[in-house]
Amino acid sequence: MQSLQDKASEWSGVAAGDAFAIDEGNVFEALGGTTQPFVNLSTNFYTRVYEDEEEWFRQIFAGSKKEDAIRNQYEFLVQRMGGPQLFSQRRGHPALIARHRPFPVTHQAAERWLHHMQQAVDTTDSIDAATKTKMMHTAYFLVAGNEMTRQGHGTSCKCKHGESKPAE
Ligand code: HEM
């Protein structure tokens with residue numbers, strides 16, 4: 001039987017090894033050991049989300065204040081990229097699948113999320129090119145993994161996430 005990781009690779013177009021490249025070094029330290037690059041990235045990302053021209057997408061985030069969403073995300077990213085455990089200290093275990101259960105994370109929403117994250121990553125100068133690629137690989141992989149744990153997703157992904165990846 002195909003493992004969850006194999007499926008995530010197939011659906012996201014990202015090899016499992018590439019998805020975990022983020023763990024090869026300490027990204028937090030490599031970017032200077034401060035929260036600033038992650039604050040910049042999350043602010044950039046959520047500014048795009050909260051100003052999205054697509055109302056159906058904006059609505060998914062309507063229950064959260066932008067500043068709170070930014071903080072939740074950057075604290076998670078700092079921790080995931082090898083920095084202090086800011087997210088867990090304040091919010092507890094990340095449990096991202098459970099935390100996303102209240103939201104309609106449809107395939108279309110996942111595509112839109114990735115689109116904004118790609119744009120945010122591309123326009124955040126405090127992150128170097130190699131790290132940008134690694135971060136997006138991980139994001140594609142996570143989104144694919146999240147999708148397949150959702151009920152009712154009986155068909156496999158027909159779109160090629162890999163095609164919209166940044167050039168390497
Ligand atoms: C697939 C598309 C996704 C959608 C539509 C989505 C949507 C949301 C929404 C509506 C929230 C609540 C905002 C808040 O109050 O913090 C949220 C929170 C969050 N999301 Fe996502 N998300 C997606 C993918 C991801 C991915 C790939 C990651 C991992 C990098 C992620 C990480 C987080 C984190 C850390 C939080 C804060 C959770 C908390 O503190 O309760 N999300 N997301």
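Student: What percentage of the 168 residues of the protein chain counts as buried, and how is that decided?

Tutor: The figure is 26% of the 168 residues. A residue is called buried if 20 or more other C-beta atoms, placed from the backbone, lie within 10 Å of its own, exposed if 12 or fewer do, and partly exposed in between. The model is a predicted one, in which local features need pLDDT of at least 70 and side-chain atom pairs count only at pLDDT 80 or more, whereas totals for chains, interfaces and linings use all residues. Residues are numbered from 1 along each chain as its sequence is written.

Student: Why is Leu 31 called buried?

Tutor: Leu 31 has 21 C-beta neighbours inside 10 Å; the definition asks for 20 or more, so the residue qualifies. Its place is the loop between H3 and H4.

Student: Which residues does Leu 31 contact, beyond its neighbours within four places in sequence?

Tutor: They are Pro 37, Ser 126, Ile 127 and Thr 131, where a contact requires two C-beta atoms, placed from the backbone, to lie within 7 Å. Leu 31 and Thr 131 are 100 residues apart along the chain, yet their C-alpha atoms are separated by 9.0 Å.

Student: What makes Phe 57 buried, exposed or partly exposed?

Tutor: Phe 57 has 17 C-beta neighbours inside 10 Å.

Student: How many helices and strands does the protein chain have, and what counts as one?

Tutor: The chain has 10 helices and zero strands. Both are DSSP runs, numbered from the N terminus: a helix is a run of H or I of at least four residues, a strand a run of E of at least two.

Student: At what angle do H1 and H10 pack, and what is the hand of their crossing?

Tutor: Helix H1 (residues 4-12) and H10 pack at about 115°, with axes 8 Å apart. The axes are lines fitted to C-alpha atoms, for helices over the stretch in contact, and angles run from 0 to 180 degrees between N-to-C directions. The crossing is right-handed; that is the name used if the near helix is turned clockwise from the far one, while left-handed means anticlockwise, by less than a right angle. Residues making this contact include Leu 4 and Trp 11 of H1 and Tyr 140 and Met 148 of H10. The buried residues of H1 are Ala 8, Ser 9, Trp 11 and Ser 12; these pack against helix H2 (16-19) and H10.

Student: Which residues touch the most other members of the largest nonpolar core, and what makes a set of residues a core?

Tutor: A nonpolar core is a set of buried Ala, Val, Leu, Ile, Met, Phe, Trp, Tyr and Cys residues joined through C-beta atoms within 7 Å. The largest one has 30 residues, and Leu 41, Val 121, Ala 139 and Tyr 140 touch the most other members. H10 gives the largest share of this core, seven residues.

Student: How many residues surround the ligand, and what places a residue in that shell?

Tutor: There are 21, the closest being Ser 64, Asn 72, Phe 76, Ala 110 and Trp 113. A residue is near a molecule if its C-beta atom, placed from the backbone, lies within 6 Å of it. H6 gives the most to the shell, with five residues.
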